[in-house]
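Please look over the sequence and the structure shown here before reading on. The briefing that follows takes up a few topics in turn.

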Amino acid sequence: ECKPQIEYKNIESEINTNGEIKHLSLSHSFLKDSLIESGSLLIVRDITEKKEDEAKIKKLYSTILEDLEFARLTQEALIADKFPESEFFQIQTLFLPVEKVGGDVINYKLKPDKSIDIFFADVSGHGVSAAMVASSATIAFNVSSEAGLSPADGLLNIHKLLSPTITQHYISAIYLNYKPETGEMIYSYAGHHPILHIDKDFEIRDLPGNGVLLLAISKPEYANCHFNLKKD
């Protein structure tokens, strides 16, 4: 059985009709058959609406990429990778994000008494919204630290500052204050994984304490826990 051979070409073109841009598609099918006469089939379609939709999608995609880049830069500002130098301590961090943006926070605040407040937090969810909540949490932490609040009171203050406006997320966090001259560390948990203490013999233990997630309930309670870090 002999089947006809079909050659197909499609050309898209843009024309200007009285100041209005139109997009046209020209389909050209050329038929070859040894038993019948050869012929051509031309189809012209107006694809202006399709092209306009494609342009809208590209613009939206570009806007999303810009928002993601802004959120990524915002999150980078929330992750402290350099801590102040001190004769009493050395602090290092490692941050490996799963996605481009999210709700992770590692930040600190030096205080007039030479102690340092450190804030670890993880906002529920991922993406731009979590990054924006993380940014708000960092601002709330800075306000709490500058007010001279203890870690427990600082967590409670962060909750009070954020709860009126943030209703779709919750935050796990650790708020700690370290006094390098004495080695005293005061810390408070808000539903976060425990702090791990590794001594010089490489023995690992969890530091005790507990507390409910930030923004999870209307009236959370937090407690200050104490631990003394010894010099090697």
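Which residue of β5 is the bridge partner of Ile106? In this model, which is predicted rather than determined by experiment, the partner of Ile106 in β5 is Phe120.

**Strand β5 and its partners**

- Strands β4 and β5 pair in the antiparallel sense, and seven bridges are found along this pairing.
- The two strands β4 and β5 form a hairpin, with five residues lying between them, and in the turn Lys114 has a positive phi of about 75°.
- Strand β5 also pairs with β6, again in the antiparallel sense, over eight bridges, and here Phe120 stands opposite Ile174 in β6.
- Because six of the eight residues of β5 are buried, this strand is largely enclosed by the rest of the structure.

**Aromatic rings**

- Searching the whole structure gives five aromatic pairs, and one of them is the stacked pair of Phe119 and Phe141, with 5.1 Å from centre to centre and 10° between the planes.
- Taken together, the ring pairs link Phe119, Phe141 and Tyr175 into a cluster.

**The largest pocket**

- The largest pocket holds about 1600 Å³ of space, and its lining is made up of 43 residues, with Gln90, Ile195, Leu196, His197 and Leu229 lying nearest its centre.
- Several strands, namely β4 (104–110), β5, β6, β8 (196–198) and β10 (225–228), each supply at least two residues of this lining, and β5 gives the most, with four residues.
- By type, the residues lining the largest pocket divide into 25 nonpolar, nine polar and nine charged.

- Met185 lies in strand β7 (residues 184–190), and Met185 counts as buried because its relative accessible area is 8%.
- Although Met185 and Phe227 are 42 residues apart along the chain, their C-alpha atoms are separated by 5.2 Å.
- When neighbours within four places in sequence are left aside, the residues in contact with Met185 include Leu176, Tyr178, Ile195, Cys225 and Phe227.
- Leu156 is found in helix α3 (residues 151–162), and Leu156 counts as partly exposed because its relative accessibility is 25%.
- Leu156 and Leu215 are 59 residues apart in sequence, while in space the separation from C-alpha to C-alpha is 9.8 Å.
- Not counting residues up to four places away in sequence, Leu156 touches Pro220 and Tyr222.

Note on methods: Residues are numbered from 1 along each chain as its sequence is written. This is a predicted model: local features need pLDDT of at least 70, side-chain atom pairs count only at pLDDT 80 or more; totals for chains, interfaces and linings use all residues. Side-chain values use heavy atoms; hydrogens and water are left out. Rings of Phe, Tyr and Trp (its six-membered ring) pair if their centres lie within 6.5 Å; planes under 30 degrees apart count as stacked, over 60 as edge-to-face and the rest as tilted. On a 1 Å grid over the protein atoms alone, a cavity is a set of points where a 1.4 Å probe fits but cannot get out, and a pocket is an open set with protein on both sides within 12 Å along at least five of seven lines; lining residues have an atom within 4 Å of a point. Grid points are joined across faces, edges and corners, and a volume is the space filled by probe spheres set on the points. Ala, Val, Leu, Ile, Met, Phe, Trp, Tyr, Cys and Pro count as nonpolar, Asp, Glu, Lys and Arg as charged, and the others, Gly among them, as polar. Buried means under 20% relative accessible area, exposed over 50%, partly exposed in between (1.4 Å probe, protein chains only). Contact means heavy atoms within 4.5 Å. Two strands pair if DSSP finds at least two bridges between them.
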